[in-house]
Amino acid sequence: MFKKITAIALLLNSLPSLAENFNWKLEVGTELRHFEKKSAFNTTDTTISAHFEPEFRYESQQGTDIYTGRLFSRVDSEDSQRSHIDIRELSWLHIIDNSDIRIGISRVFWGVTESQHLVDVINQTDLVENPDGEDKLGQPLIQWTHIYDWGSIDLYALLGFRERRFPGTEGRFRTEYPIINDAAYFETSNKKDNIDLAIRYSHTISNWDFAFSHFSGTNRTPTLKKYTSDNTTEFVPHYFLLEQTGFVSQYVNKNWLWKLELISAVQENNRYTASTFGFEYTHVGLFDSQIDVGWLIEYSFDDRGTAGPSSFEHDWFSGWRFVGNDPQSTEALIGLTWDQITGENTLSLEASTRIGNNLKITFEARSYGGANKAAKHSGTSDKLLYLNSESYAQFLLAYYF
Amino acid sequence: MIFTKQPILVLSVLCIFSGSVVASDDQSHKGLEIATEMEIRDSGWKDQEVNIEMTMFNSQGNKSIRYMRNKALEVRNNGDKTLVIFDKPADVGGTAFLSFTYKQGSDDQWLFLPALNRVKRIASDNKSGPFMGSDFAYEDITSQEVEKYTYKYLGDETLIGRKMFKLERDPVSDTSGYSKQIVWVDAEHYISQKIDYYDRKGSLLKTQEFINYNLYLDKYWRADKLVMVNHQKKTRTEIELKGYSLGTGIPPSHFSTRALKRLR
C-alpha cells in the first residue's frame with residue numbers, strides 16, 4: 001500500500017517535468033507537380049500528392065537519455081511506389097560523459113559539398129520523394145561515439161539493409177525499362193540481413209573541419225543490369241559489396257568556405273577514385289540590402305568516367321543561394337550542373353517563404369537537357385536520357401502544428 | 001541666403017573634422033576605462049540560460065513572434081560561446097545556432113538543420129546581417145568584447161533620472177555595419193541603458209533600449225527587455241528575456257557541434 005502511494009506520488013511529481021521534456025511537431029503538406037511533357041509511359045502531366053510527418057522528442061530529467069521519433073508518409077495520385085511510409089527516426093540516445101550511444105533507426109549525414117554527397121553512405125536514398133536524392137530512408141543502427149581532445153570517433157554497426165525505393169512503372173522519373181526489385185541480387189549471402197560496419201574520425205582545428213571515414217558493407221547505390229527475355233527488357237538492381245574510404249575537408253576564411261570530398265573505393269575488385277571540391281563565397285548585404293548571396297562553384301570527377309555508373313563523371317556545378325534575412329525566412333537556391341563532355345545538364349530552382357506563423361510555401365523547378373541517344377562520345381545512350389522528358393515545376397504547401 | 005548657407009556648411013564640416021580626429025587622450029583613456037570596468041563587473045557568471053520571446057513589428061505595425069532558448073558560456077580571456085535553440089515558428093523548430101566569439105578575428109558559427117539532421121558551418125563574417133530577420137544584427141547580440149571597439153568618453157548625462165556616462169565606441173572590424181555607436185552607461189552599475197547605432201554613411205540607423213534591469217547572484221545585472229527601433233526602415237523589434245538562470249554549471253561540452261545534434 002505504502003509502496004503504491006509512493007509510486008503515485010512519484011508519478012504525479014514527474015508529470016510536469018514529463019510535459020516539459022516532451023516535444024512534438026507535426027508537418028502536413030500537399031504538393032502539386034506539373035511536367036513539361038507527358039510521360040512516355042502514361043498520359044498525365046500533373047500529379048498531386050500529400051504528406052504527413054509527425055515527430056516527437058523526449059529528454060530525461062538529467063538530460064542523459066533522449067528518445068526521438070519521426071514518421072514520414074506520402075500518398076501520391078499516380079505512382080503507387082511513391083505512396084509509402086517510412087520510419088525516418090526512432091532511436092534512444094544515451095549520454096555518458098564524453099561518450100554516447102544511439103540505438104534504433106536514425107539518419108547520419110557526412111559531407112560538406114552541395115552538388116553531390118560522395119562520402120555520405122550510411123542511409124539509403126528515398127528516390128521516390130525527389131529526383132535530387134536528398135531524402136533518405138531511416139537506417140537501423142547502433143552508433144557509439146567518443147570525444148577525445150584530438151577529435152571524435154564514431155563506430156557504426158548498421159543492422160540490416162534497406163533497398164533503394166525507385167519510382168514505379170506508372171510514375172514519373174522512371175527508367176526506360178521497369179526495375180524489378182523482387183529480383184534484386186545481393187553479393188553477400190546474408191542479403192538484407194548483413195551487418196555493415198563504419199568508422200569515422202572527425203576533428204576541428206580552428207578554421208578547419210575534417211574527417212576520415214571508412215565503410216565496409218553493401219553499397220546503398222545499386223548497379224542496374226539489363227535483362228531481356230521474350231521481347232521484354234527489365235532492369236534488376238545489383239547490390240555489390242563496397243569498401244569505401246572517405247575524406248572530407250572544409251576550411252573557413254572570412255566569407256569563404258573551401259570544400260573537398262574525396263573517396264577511394266573498391267567494388268567488384270575494381271578500385272576507383274572520385275571527388276567533389278569547390279567553394280562557397282557569401283556576399284553579405286547585396287546592394288546595401290539585408291539579402292545575402294552565396295556563390296557556389298564545384299567540380300566533380302569519377303575516374304570510372306562516362307562508362308561508369310556515376311552521372312558526376314566530369315561535371316561542373318555552379319549555384320547561387322539567396323537568403324532574405326527577413327521575418328518570413330525567404331530563401332532561394334539556383335543550381336546548374338553541366339557535364340563538360342556529354343553536355344548533359346540540369347538546371348534547378350528551389351525557393352521558399354513563410355506565410356503567417358505556420359504555413360510554408362516552396363516552389364521547385366528542374367529542367368533536364370543535353371542527354372543524347374547513342375551519343376558520339378560513348379556509342380551508348382547518355383545516363384540521364386530518361387530524364388529528358390521529365391522537366392517539372394512544383395508547389396509545396398506545408399502546415400506545421 | 002547664399003551668404004549664410006556657405007559659412008554654416010564650412011563650419012559644420014570643421015566641427016565633424018575636429019570632433020573625430022582631435023579626440024583627446026583623456027577622452028579615449030576614460031572611455032576605455034569605462035568599457036573595461038563594464039567587462040570586469042560582468043565577469044565570473046560562468047554560464048547563463050534564458051528564454052527569449054522576440055516580436056518583430058513591420059512598418060505597418062504587423063507583428064510576428066519568435067520563441068527561442070539561449071545558453072551562454074563564459075570563456076576566460078576570450079569571447080563567449082553562445083547557443084540559440086529555436087522553438088517557434090514551428091517550421092524552424094529544433095534549428096540551433098552555435099557561435100564562438102573571439103576578441104580578435106572572425107567568429108565561428110554553425111547551424112544545425114533538424115529536417116536534414118545536418119550541421120552546417122557558416123562563413124562567418126556576416127556581423128552586420130540581421131538576426132532571424134529582426135532589427136538586431138548578429139554583432140548587436142553577440143558578446144561585447146572590449147577589444148572590438150575604440151572608445152571616447154563624451155561626458156555625463158542624465159537619463160531616466162540616473163547619471164550616465166555618454167560614450168562613443170567605434171567598431172574595429174571593417175565588416176561591422178556601423179560607423180559608430182553612442183552608448184549611455186549607468187554611472188553606478190556600469191551597465192548599458194541605451195545605444196544609438198550609426199550606419200556606415202554616418203546617419204542614425206537604430207536605437208536600442210535596455211528595460212527593467214534585475215540583479216542576479218547579487219552581482220550581475222540583466223535586462224528583462226531589449227527594444228530596438230530602426231529609424232530608417234520604421235520597424236521595431238522587442239526581445240523579452242524570461243527565466244534567467246546564471247552559474248548553474250552547464251557543461252562546456254554542450255557548446256559543441258556534436259551537442260548541436262541532440263540539444264533541441
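**A walk from chain B to chain A**

Start by selecting F57(B): R236(B), in strand 13 of chain B, stands opposite. What you have open is a predicted model, where local features need pLDDT of at least 70, side-chain atom pairs count only at pLDDT 80 or more, and totals for chains, interfaces and linings use all residues. Residues are numbered from 1 along each chain as its sequence is written, with chains lettered from A and ligands numbered from 1 in the order in which they are written.

Now widen the selection to residues 47-57 and 235-246 of chain B. These are strands 1 and 13, running antiparallel and joined by nine bridges. Strands here are DSSP runs (E, at least two residues), numbered from the N terminus; two of them pair if DSSP finds at least two bridges between them.

Pick N230(B) and you'll find T235(B) as its bridge partner. Four residues separate the two strands of this hairpin, and K234(B) in the turn has a positive phi of about 60°.

Hop over to I180(A), in the loop between strand 7 (151-159) and strand 8 (185-186) of chain A.

Last stop: the contact between the chains, with 23 residues from chain B and 32 from chain A.

Technical notes: Contact = placed C-beta atoms within 7 Å.
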